[in-house]
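This report describes selected features of a structural model. The sequence and coordinates are shown first, and the description follows.

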Amino acid sequence: MLPRDLKIESFASYPPEARLLLGKHLQGIRRLPMAFVPSLLREVIDYDYRFPLERSVLEKELSTIGGLPDSQVHEWFGSFASISISPSLENFDWVNLPAQFVEKEAAYLWSTHQLDAFRKAATDYGDRLDRANQPEPLPVRRLGIAVVGQGVATYDQPLFRNLRKHGTYFSNVRAEGGLGTLFAVLEKRSEAHPAPYAHWYVDGGAARAVNAGITTISYDALTPLRNSLLKRMQTEIDRPGMGPEELRTVLARMNPSDLGITKNADPVLSRFEMKLFTEGSGTQIYSTTFAQWAARETLRRAQALTLLVRFAPRQRQRPMNELLAGGHGDADLDPDGSLIDAEMGAYYHWIDQQRLPDAERSGFIAWFEGHGSAVAIGPTMPKGAESNTAVEMEHLTSSVLT
Amino acid sequence: MNRSLYRSETPFAVSRTRRDFLRDAAGLLLGGAVLQASPFIRAESTRKKRKVVVVTFGGGARDQETFAPEGQENIPHMLSEMAPQSSFFTHVTNQGILGHYVATASLATGVYETLNNFASVAPEHPTVFEYFRKELRRPSSDAWVVAPSNGFHRIGESEVRGFGPGQGARVILPKRLLGIASAGTNADFEHLLHDNYETPLYTPALAGGEVELQQLEMILKLSIADFTSHARSLSSPDELSLYIAKRLMREEAPSLLWITMHDIDVAHSGAYSLYIDGIRRTDRLCAELWRVIQTEPEYAGNTTMFVLPDFGRDSDFDAGGNGFQHHRTGDPASRTTWMMVLGQGVRHGVVYDTPVQSVDLVPSIGAMMGFSPSQSSGNPIRELV
C-alpha cells in the first residue's frame, strides 16, 4: 500500500481520537511520500495517549501539511520522495505498525547508504515546520533543576565542567535547606501557573511528597512495573524464534495493562511511564539512566515548564544477565559512579531544555546535593564566571530567571 | 529554540580539533610537512617477517572523551606513551552501517558491508585474512582474530568463491572459551561473560565446545585449571581478550592478529561513568599490548600496530540521539574517528589530517604485507605505503 491509497477504513484499528484526527487530515496525508508518512503515523497512532501540548503540536503539523498548496508539497517533501523504499517495506503493514516500519526503514536506509539524505530531509522539514508554526508564548519562563550526588560525602574532582561555560559556577552555596528551597520553587510555580503536565518532578530513588499539581515519577515507585516488564521480556526471549528485532516489536505493541497497571490509572501518564522502560535503553537497570531519560522525554514530549530531577545512587555494575534478571532491591550502590552519571545527565537536561521554545529566556540550576557546588544558567547570568561568595539557594533560583 | 546549540560539527571540524590538540599536547608534527618517500620502501627487505596487529578501540568512543582536550585524562597511556611513537590520522570516516559486527566486518573486508548486524553470517566479501593467506600462502596458524562476542564467530572468513571457508583467520572467542572451561564449576565468571551491550539479552548459541578446549590446550598451551585460575584475577571481557591475545602471540606468533575490544560499549546502558571506565581500561590495555609487541621476540622490531575505533558515538547536540549512549544517528561525531599506527616502518610523532576511510585499512595492510585485496573498495593510505 502507498499513501495515496489510504482510506479512513485503513485506520480501523487506531484509537478513536487518532482516527477522528486522521479523518480530518487524510487528504493532506495522501499527498505525502512513502518515506515520510509512517513516521507521521507513528505519532498519530498514540494521539489518544499524548500530552496536551503534544496533541496541539501534532494538530498544527497536520493542519500545516494539509494547507500546503500542491506546488509547495514538492518543495517540502521532494527530498523524502527521492528516497527509495524497498518493495518489501512497501508491503509491510506500515499503517498499523508504523513504529516497527520506522525501525525497518532505518535499517534499510543504513544498508542503502540513504541515511544521510534522510537525515537532511528530516532536518529541513523540521526547520520549515518551526518557521511555519511559531510557538505560543509561555505563561512563565521555563526552569530546569538538576540535583546530583545524593549519598556522596566528598568529591574532589571539578564538577559541572560542561555546564560552567554556559553560566556561573558557585562554589559556596549554603547547602542547608537547599533541597527544601528548590522544592518550594517547584511547588510555587505549579500553584501560580497550574496546567496539566506542566510541572514535573523526576526522582531516581524514592520521591518526596509534593502537591498534586506536580506530575511525579520515581524509580522506586515504578519498581513493580519495571520488574513486570523484565519478567515479560525474559519470557518472550525464551520463545523459539525470538530475536532482538522481534522483541522490539513485542515491546512496541505493549500496553500498560499488559504489565499490570490498573485501569483507573492516568492513561496518559501510565503509558508515558511504560515507554520510559520499553523505549529507553538501560532505564530498566540503572536509576541514573532512568532519571536522565525521563528528563529528556518529559521535556521532548510534555515540554515541561518546570522540571526538577533528583538523581539517586544507582546499583553497582554487575553482570548484565544479573542486572536484567531484576529483583535485587537491596543491591550494592555506587554513589561515586552515580555522581558522574548524574553530572552528565544534568548537562543533557540543560541541552534538552535548550531545544524547546523560548530557550534563551529559560533558567537552569544544577546542584551537588548537600554541598556548596552549583551552576546557574540564565539570561543575565555571566557565562564562564565563578563565584566563591557565600550565597543562599534562593539567590540562585531568583537569579536564573531575572 | 536555541539554534546556536546545533553548532556545525563537520567531520573536518572534528578532526581539526584532534590535530590541534595532539600538536599542542604531545608535540607532534603535521604530516604534510614531512611526507617523503615511504618508510615501507626502506623496510622492503624485512617484509617477509612483517607482522601486523590491528586493535579496534572497542565499542566506539567520542573525541570529547578521548583526544579532545577535555578527554585527555581518560587516555594517559595512548597520549604520553603511544602517540609520540605513532603516525596519527585525525580524520577517519566510516560511511557504512554503524553496528559493531557489520562495521568490524567492513574494516576487515575493505568494503562497506550491509549484512545484518545481529545475524550469524559471514562477511559478504573476502576478508583481509583470506587475501593474506591466499596470496602469501600462509598457514591457518598465521592469521587469528580475538573477538569479543559470539556474534563475531564468523568474522574470520567470507563465503566468496575462490576464498571462503578454511582460507581465512582462526577465530578465538575468549568468553566462550571461559564459559566452556568453567562449565560445571562453581566459579563465578559472569562479569567476564556478558556477550554484548547492544542487545544484552541475546547471546547467539554456538555449537561445539570440544574444539575450543583443544585450542586452549594445544595452541595456547594452557590447562583449563590455569586458564580459569587466571581469569579470576581479571575484571573485564577485554582484559580476558588481551590475556588470550598475549598467549597467542607467545605460542603461535601469528603474522596477522586482529583484536576487537568492546568494554566501552557499556555506554549503551546510559551510565556515563561506566563508559569512561571502559575507555580508561582500553587505553591501558592498548598500551600493554604495545609493550608486549615491543618485547616479544617474534614481534619486536618487525610489527606494525593499528589502533582505531570501529566508529564514534552520537554527538550531545544531535536531537535524534541521546549523546554518548548510542551510535544511531549517523552524525559526524558517530562517523568520524581516528587511527593510530605504530611500529615498523611508521614515522614517529606525525599527525595526518588527510581524510581516510575505514575501508582503506585493508588495502594499506595489503600494501605493507605484499598482497592485493582485489575486491576492496578502499585505497592504500599514501602516508603509510
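How many bridges join strand 6 of chain A to strand 7 of chain A, and do the two strands run parallel or antiparallel? The two are joined by 4 bridges and run antiparallel. The model discussed here is predicted.

## Pairing of strand 6 in chain A

Strand 7 of chain A covers residues 374–377, and Phe364(A) stands opposite Ile377(A) of that strand. Strand 6 and strand 7 of chain A form a hairpin, with 5 residues between them. Within the turn, Gly370(A) has a positive phi of about 80°.

Strand 6 of chain A also pairs with strand 1 of chain A, residues 143–148. Here 6 bridges are found and the strands run parallel. Val147(A) has Trp367(A) of strand 6 as its bridge partner.

## Burial of strand 6 in chain A

Strand 6 of chain A spans residues 363–368, and because 6 of its 6 residues are buried, the strand is largely enclosed by the rest of the structure. In a regular strand, side chains alternate between the two faces of the sheet. Both faces of strand 6 of chain A are covered. Gly363(A), Ile365(A) and Trp367(A) are buried on one side, while Phe364(A), Ala366(A) and Phe368(A) are buried on the other.

## Overall composition of chain B

Chain B contains 13 helices and 10 strands. Of its 385 residues, 57% are buried. Among contacts in chain B with a separation of 6 or more, 74% involve residues 24 or more positions apart.

Key
Residues are numbered from 1 along each chain as its sequence is written. Chains are lettered from A and ligands numbered from 1 in the order in which they are written. This is a predicted model: local features need pLDDT of at least 70, side-chain atom pairs count only at pLDDT 80 or more; totals for chains, interfaces and linings use all residues. A residue is buried if 20 or more other C-beta atoms lie within 10 Å of its own, exposed if 12 or fewer, and partly exposed in between; C-beta atoms are placed from the backbone. Two residues are in contact if their C-beta atoms, placed from the backbone, lie within 7 Å. Two strands pair if DSSP finds at least two bridges between them.
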